[in-house]
Amino acid sequence: MRNRYRFLIPLALVSLLATSCAGDTEGDGGAAGDYPRAETLYTGGTQWGPPSTWNPLDTGGHATGTVGLVYETLFLYEPQSREYIPWLAESGEWVDDTTYELKLRQGVTWSDGEDFTADDVVFTVEVGKYEASTYHNLWEWLESAEAVDDHTVRFTFSQANYAQWANWLYSNAIVPEHLWSERSEEEILTGANEDPVGTGAYLYETHDQDRQVWKKNEDWWAIEALGHEVAPTYIVDVVNTSNEAALSQVLQGNIDMNNNFLPGIAQLVQGGYQVQTYYPEEPYMIPANTAWLVPNTTKAPMDDPEFRKALSASIDMDEIVNNVYGGLVTEADPTGLLPVWEEYIDTGVVEEYATPRDPKVAKDLLKEAGYEDTDDDGFVETPDGDPIDLSLIVPSGWTDWMEAARVISESAAEVGIKVTADFPEFNALVDQRNSGEFDLVINNERQISNTPWTYYDYMFRLPIQEQQGTTNFGRYENEEIWELVGELDSIPVEDTEKIREVAGKIQRIHLEELPIIPLWYNGLWSQTNTSVWTNWPSSETDNNYLPSTWRGYFQLGGILMLTELEPAPEEE
Amino acid sequence: MRRYFGRKIFVYVLTFFAAVTINWMIPRLMPGDPIKSRLARASLSDSAAAEALYDYFNKMFGLDQPLWQQYLNFWVSLLQGDLGISIWNFPTPVTDLIMGAVPYSLGLLLPSIVISWFVGNWFGAYAARSKWLDNTILPLGYVLTATPYMWLALLLAWSLGIVAGWFPAAGSYGLSLQPAFTWTFIASLLEHWFLPFLSLFLVALGGWAIGMRNMIIYELESEYSNYLQALGAPRRLVRRYAFRNAMLPQITGLAVQLGTVVAGALLTEIVFSYQGLGYLILQAIQNQDFFLLQGAFLFIVIGVLIANFIIDVVYVLVDPRVRVQMQGGAK
C-alpha cells in the first residue's frame with residue numbers, strides 16, 4: 001500500500017505543469033510581468049466572451065477598448081454638455097449645402113511611428129463601399145471623399161443628412177491606410193487584427209480568455225496637443241462571469257469600475273462601502289437608453305391605436321421602477337426621448353396628446369373602442385368578438401426584464417387585457433422578433449447619441465423588410481412620419497429650433513398612434529470603487545463624463561473620464 | 001485475439017460515426033439562428049447593413065447551403081482536422097479554443113479523480129475493518145455523495161473564498177499576472193486551482209469510499225475468505241485477497257471517470273469561472289455556436305471511446321475470465 005502514495009505527487013505535479021504550460025501559450029510572449037495595483041485600472045461589465053478580435057471595423061464583437069483606447073474617432077460627442085469635441089479632426093465645417101470639409105490635426109502619429117494623414121480618413125470612409133461594411137449606407141448619400149492635402153479631406157454629398165453625418169464622425173474609428181490597404185476585403189471586414197496599431201491613448205499589451213490588458217501609450221498625441229493625460233498605466237478589462245462575481249469583485253475593490261446591472265447596488269452605495277454611483281441617491285445611474293414595449297402592429301388587436309394606448313395606460317410603471325428596479329431607473333418620458341434630448345421634446349404636444357398611465361383611462365379607452373368582455377372570463381374580446389391572448393416575450397435569464405414583464409402582464413390583466421409573459425432563449429427571441437412572429441416584445445437597442453434622429457430611425461424606419469434586424473420591430477408603416485424623420489436628418493445639427501419643430505410633429509403622430517410604447521430609462525449601469533482610484537464621474541464633482549466602457553461610450557467622453565481619475569491617497 | 005479486437009474496432013468506428021452525426025445534428029435542431037443573434041448583439045445602427053452582413057456571414061460559415069451539403073462539408077473538413085471557426089468567439093478557430101481550454105480541464109479533473117480514487121479506496125478499505133472509522137468517516141461520505149454538487153461548490157466558494165478570503169473564488173489565475181514560468185504565477189495558478197479541485201475531490205471521495213467499504217465487507221464475508229481463515233491463513237493474506245477482488249469494479253469505475261474527463265466539469269467551471277471545456281460548452285450552447293459545440297462534443301466522444309477501448313484492453317490483462325472467454329472464442 002505504501003508505494004501507492006508515490007503516484008500522487010508526480011501526478012499532481014504533472015497536471016499542474018500541464019495547466020501552467022497551457023497558460024504560457026495564451027499570452028503574447030512578453031516578460032513575466034505583473035501590473036502594480038496603484039497604476040492599474042480594473043474594469044468589467046462590457047466583454048461577455050473572451051476577447052477574440054481587435055478589428056474596429058468589425059460588427060461590434062471587438063475587445064473592449066479597441067475603439068476608443070486604441071483606435072480613435074474624428075470627433076468625440078459629450079452628451080452631458082452636448083458638445084462635439086474635435087479629436088483626430090481639428091475642425092470640420094459645411095462649406096456649402098452638400099460639401100463638408102474636415103481639417104485634421106497635425107502631429108498625430110500611429111503607434112508604429114507613421115503619420116496620421118488625410119489618406120487614412122479617405123481609406124476608412126471608402127471601406128464603407130464594401131457591401132458588408134457596417135456603414136455601407138453612408139455611400140447612398142455620400143458621393144466622394146478626397147484628400148485635398150495631407151490634412152484636409154473634402155466630402156461631397158448627393159444629399160446632406162446632417163444628423164447622420166455628425167453621428168458618423170464621432171462613432172467610427174479611423175484605421176491606418178498604410179497597413180490596411182494591403183488587406184483583402186475579408187480581412188478588413190472580419191479579420192481579427194491581432195496586432196492593433198492605432199493613434200489612441202493605449203496600446204495592446206496582452207489578453208487571455210478572461211481578460212484584456214492595455215498599456216498606456218506614452219507618445220499619445222493628446223498629451224501635447226490638448227494637455228490630456230490618462231491616469232492608469234494599465235487597464236485590465238475583465239470578462240463578465242456573473243452578476244454575483246462582479247458584485248463581490250467591486251465590493252472587494254478587485255474591480256474599480258463595473259458596467260453591468262447589479263441589483264441592490266443602492267444599498268451598498270448607502271451602506272458606506274467604498275462603492276459609488278454617478279448620483280449618490282435615486283436614480284443613481286445616468287439614463288442611457290429607453291426600454292420600449294413593442295407591439296406587433298401587423299397583428300390584431302395591436303394594429304388598433306386605441307388598443308395600444310389602452311395597453312400603455314394600464315402599465316403600472318411605479319411598480320416597475322420602485323419594486324423591480326429598486327429606484328435604479330426612472331419612468332420614461334411619454335415621447336421616449338432621453339433626458340439629453342430634453343430640448344427637443346415639445347411639451348405642448350406631450351400635454352395634449354400623451355395618454356396618462358391610469359387603469360381608469362385604460363378601461364375607458366377599451367370600452368370606447370368596442371373592446372368588451374362578452375364571455376365573462378374577466379378579459380376583453382375584440383369588437384369582432386374574438387378572444388385576446390397576447391404573449392409578451394423577453395429573453396430568458398434577463399431577470400429584471402422578466403420581472404417587469406410579469407408586472408406588465410398583471411397590470412394589463414387588471415384592466416381586462418390578457419397578456420402572458422413568456423421567456424424564450426435569446427436566440428429564439430431574436431428569431432421571432434426579426435421575422436415579426438411575436439405579439440409584444442421589450443427592446444432597448446438604441447443608445448444615447450447626438451441626435452434624436454437615431455431614436456426616430458429606430459422607431460419608424462421604412463420600408464419594412466422581410467427580416468427587421470435592427471429597427472422598427474413592430475413593423476409600423478406610416479409614410480408621413482418616416483418623411484418627417486428624413487426631414488429631421490437634413491437639418492443642420494446646430495439648428496435646434498428647427499429640429500424641435502420637426503420633432504414636435506413626429507411626437508404628435510407618435511403619441512396619437514402610439515405604435516411603440518416607452519417604458520423606462522435603462523441606466524448607464526456603473527459602479528465604481530474608490531479604494532485605488534478616486535475622482536470618478538459623479539454629479540457631485542467636476543468630472544461629469546460618462547462612466548462607461550460600453551462599446552461606443554469612450555467616444556462619448558469615456559476617454560476623458562480616464563484623464564480625470566486620480567490615484568487614491570496612500571493607505572490610511 | 002485478432003477477431004476480438006477487429007470486432008471491437010468495427011463497433012468503435014460505427015459508434016464514432018453515429019455519435020459525430022448526432023453531434024452535428026443536435027445544434028441545428030435548436031430554435032434560433034446564430035448569425036442573427038450575433039448581429040443582434042452587435043446592435044448595428046443601420047438595418048440595410050444588417051441584411052448585407054447577415055448574407056455575408058451566412059455565406060462565410062457555409063450556412064446558406066442545403067443541409068446535406070453542409071453535412072458533407074462537415075465530414076470533409078473534419079477529416080482534414082479542421083473544426084471550423086467559432087461563431088461566438090469569431091474569428092478564433094474552434095481548435096484553438098478547445099486546445100486552450102483542455103489543459104485547464106485536465107489539470108482540474110485528472111488530479112481530483114485520481115487522488116479521490118486513491119484516498120477514497122484507502123479510506124473505504126480501512127473503514128471496513130475499523131468500527132470507529134466506519135461510524136465517523138462513512139456517514140460523512142454518504143453526506144458528501146448525496147450533496148447536490150452545485151450547492152457544495154457554492155458553499156466552498158462562499159465560505160473559503162469570500163468569507164474567509166483564503167482562496168480566490170473565481171478565475172484561473174490572478175488578474176494582475178501574465179502567464180509565465182515564475183513562482184508568482186505558479187502560486188497564483190495553484191491558489192485558483194485549489195477550490196474547484198477541492199469541490200470535485202470531496203464529492204468523488206465519498207463515492208469511492210462507500211463503494212470500497214461495501215466491496216471489502218462483501219469479500220471478507222465470502223466463502224473463500226472464510227475458508228482461508230479456517231485454514232489458519234494470516235489475516236493480512238486474507239485481506240490482501242479481499243482487497244484485490246474488491247479493486248476490480250473500482251478500476252472500471254476509474255476508467256469510466258477518466259473517459260469523461262475531457263467533458264470538463266461543467267458546473268465546477270461555471271461556479272468558479274474556471275476557463276476549461278465546460279465553460280466553453282456552456283457558451284457554445286448559449287450562443288448556438290454550431291462549430292464550437294460540434295468540436296467540443298467530438299472531443300468528448302473521442303475521449304469516451306478511447307477510455308472504453310483502454311478498459312477493454314485492461315480487462316484482458318487484469319481479469320482472467322475475459323482472457324479465457326477470448327481464447328474460447330478464438331478456437
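1. Of the 331 residues in chain B, 53% are buried, where buried means under 20% relative accessible area, exposed means over 50% and partly exposed lies in between, with a 1.4 Å probe and protein chains only. This is a predicted model, in which local features need pLDDT of at least 70 and side-chain atom pairs count only at pLDDT 80 or more, while totals for chains, interfaces and linings use all residues. Residues are numbered from 1 along each chain as its sequence is written, chains are lettered from A and ligands numbered from 1 in the order in which they are written, and side-chain values use heavy atoms, with hydrogens and water left out.

2. Chain B has 14 helices and 0 strands, both being DSSP runs numbered from the N terminus (H or I, at least four residues, for helices; E, at least two, for strands). The C-alpha trace of chain B spans about 90 × 65 × 40 Å along its principal axes. Among contacts in chain B between residues at least 6 apart in sequence, 73% join residues at least 24 apart, a contact meaning heavy atoms within 4.5 Å.

3. Helix α7 of chain B covers residues 149-163, and at 1.5 Å a residue its 15 residues should span 21 Å, which agrees with the 20 Å between its end C-alpha atoms; the expected span is 1.5 Å times one less than the number of residues. Just after α7(B), Gly165(B) takes a positive phi of about 70°.

4. The buried residues of α7(B), among them Tyr149(B), Leu152(B) and Gly161(B), pack against α6 (131-146), α8 (183-220) and α11 (266-271) of chain B.

5. The axes of α7(B) and α8(B) come within 10 Å and cross at roughly 140°, with axes fitted to C-alpha atoms over the stretch in contact and angles running from 0 to 180 degrees between N-to-C directions. That makes α7(B) oblique to α8(B), since angles under 35 degrees count as roughly parallel, over 145 as roughly antiparallel, 65 to 115 as roughly perpendicular and the rest as oblique. The contact involves residues including Leu156(B) and Leu160(B) of α7(B) and Leu195(B) and Val203(B) of α8(B). The residues of this contact divide into 12 nonpolar, 2 polar and no charged, where Ala, Val, Leu, Ile, Met, Phe, Trp, Tyr, Cys and Pro count as nonpolar, Asp, Glu, Lys and Arg as charged, and the others, Gly among them, as polar.

6. In chain A, His62(A) lies in the loop between β1 (40-44) and β2 (75-78), and at 8% relative accessibility His62(A) counts as buried.
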